[in-house]
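Colleague: Could you go through this model with me? I would like to start with the backbone and then move on to the side chains.

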Amino acid sequence: ASAPIVSDIVPAASSTGVLKSASIRVVMSEAIDPATVNAANVALSDPNGTVGTTLTLTEGDTVLTLTPIASMAEQTRYSVRIKGLQDRVGHVMRAEFVSAFTTADTIPPVTLGTSPAAATSGASIFTPIRITFNEAIDPAKFGAATFTLSGPGGSVAGRLDFLFGNT
């Protein structure tokens, strides 16, 4: 008989936009000895270290679910490491399995400032209008229809540029 291996993982390796409340589902190639499913052999980590999880073995001991005790952080890379699991007859995984995913950025950007300031009078018609955000903006998600400038006569034609690291 062969040693157990990870045959599937959700979220998939290199996934992005994963919900902060997601659990990680690991499908093994064969039934696993429940005694080997522990924090030393199955871990979720972020850039600060190991993340507390509950570990559940289901579906005939072939599916392992890692459920973070607290919500995961926004737009953070997480790694799942699995090693040392044994099947029911004692065959040990031959190699450590590692997979990573990134959680979603669900907090919208905040406007930190505008220039010229709101209700400014006497600004030249050639003055660029700048909006500064607290985080980088993805230009692919924003276009001219997202931002409009209007004056007494209605919409004002202009150009939309993303500068300074798209912030």
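Colleague: Is Ala 119 buried or exposed?
Modeller: Keeping in mind that this is a predicted model, Ala 119 counts as exposed because its relative accessibility is 82%, over the 50% cut-off. Ala 119 sits in the loop between β10 and β11, and although it is not a glycine, it has a positive phi of about 65°.

Colleague: And Ser 14, what is its phi?
Modeller: Ser 14, which is not a glycine, has a positive phi of about 70°. Ser 14 belongs to the loop between β1 and β2 and counts as exposed, at 60% relative accessibility.

Colleague: Which peptide bond at Pro 11 is cis?
Modeller: The cis bond is the one running from Val 10 to Pro 11, with omega near 5°, and Pro 11 is placed in the loop between β1 and β2. A cis peptide bond also joins Ser 115 to Pro 116, with omega near -5°, and there Pro 116 is in the loop between β10 (111-115) and β11 (130-133).

Colleague: What is Val 26 in contact with, leaving aside its neighbours within four places in sequence?
Modeller: With those neighbours set aside, Val 26 touches Val 6, Asp 8 and Ile 9, then Thr 62, Val 63, Leu 64 and Leu 66, and also Ile 82.

Colleague: How many aromatic pairs does a search of the whole structure find?
Modeller: The search finds 1 aromatic pair. Its rings are those of Tyr 78 and Phe 101, whose centres are 5.7 Å apart and whose planes are at 15°, so the pair is stacked. The pair links distant parts of the chain, with Tyr 78 in strand β8 and Phe 101 in strand β9 (residues 97-103), 23 residues apart. Tyr 78 is buried, with a relative accessible area of 2%, and Phe 101 is buried with a relative accessible area of 2% as well.

Colleague: What about charges, and how many salt bridges are there?
Modeller: A search of the whole structure gives 5 salt bridges. In one of them the side chains of Arg 88 and Asp 61 meet at 2.9 Å, N to O; Arg 88 is in the loop between β8 and β9 and Asp 61 in the loop between β6 (53-58) and β7, so the pair ties together parts that are 27 residues apart in sequence.

Colleague: Which of those two is buried, and which is exposed?
Modeller: Asp 61 counts as buried, at 18% relative accessibility, whereas Arg 88 counts as exposed, at 56%.

Colleague: Where do Glu 96 and Arg 81 come in?
Modeller: Their side chains meet in a salt bridge at 3.4 Å, N to O, which links Glu 96 in the loop between β8 and β9 with Arg 81 in strand β8, 15 residues apart. Glu 96 is partly exposed at 43% relative accessibility, and Arg 81 is partly exposed with a relative accessible area of 39%.

Colleague: Last one: which residues make the nonpolar surface patch?
Modeller: The patch, of about 320 Å², is made by Ile 129, Ile 131, Leu 149 and Val 156. Val 156 lies in the segment after β13 (154-155) and is partly exposed, with a relative accessible area of 43%.

Conventions: Residues are numbered from 1 along each chain as its sequence is written. This is a predicted model: local features need pLDDT of at least 70, side-chain atom pairs count only at pLDDT 80 or more; totals for chains, interfaces and linings use all residues. Side-chain values use heavy atoms; hydrogens and water are left out. Contact means heavy atoms within 4.5 Å. Patches are made of residues with over 30% relative accessible area and no salt bridge: like charges are joined within 9 Å, nonpolar side chains (Val, Leu, Ile, Met, Phe, Trp, Tyr) within 5 Å. Accessible areas come from the Shrake-Rupley method with a 1.4 Å probe; for residues, only the protein chains shown count as cover. A salt bridge is a side-chain nitrogen of Lys or Arg within 4 Å of a carboxyl oxygen of Asp or Glu. Helices (H or I, at least four residues) and strands (E, at least two) are DSSP runs, numbered from the N terminus. Buried means under 20% relative accessible area, exposed over 50%, partly exposed in between (1.4 Å probe, protein chains only). Rings of Phe, Tyr and Trp (its six-membered ring) pair if their centres lie within 6.5 Å; planes under 30 degrees apart count as stacked, over 60 as edge-to-face and the rest as tilted.
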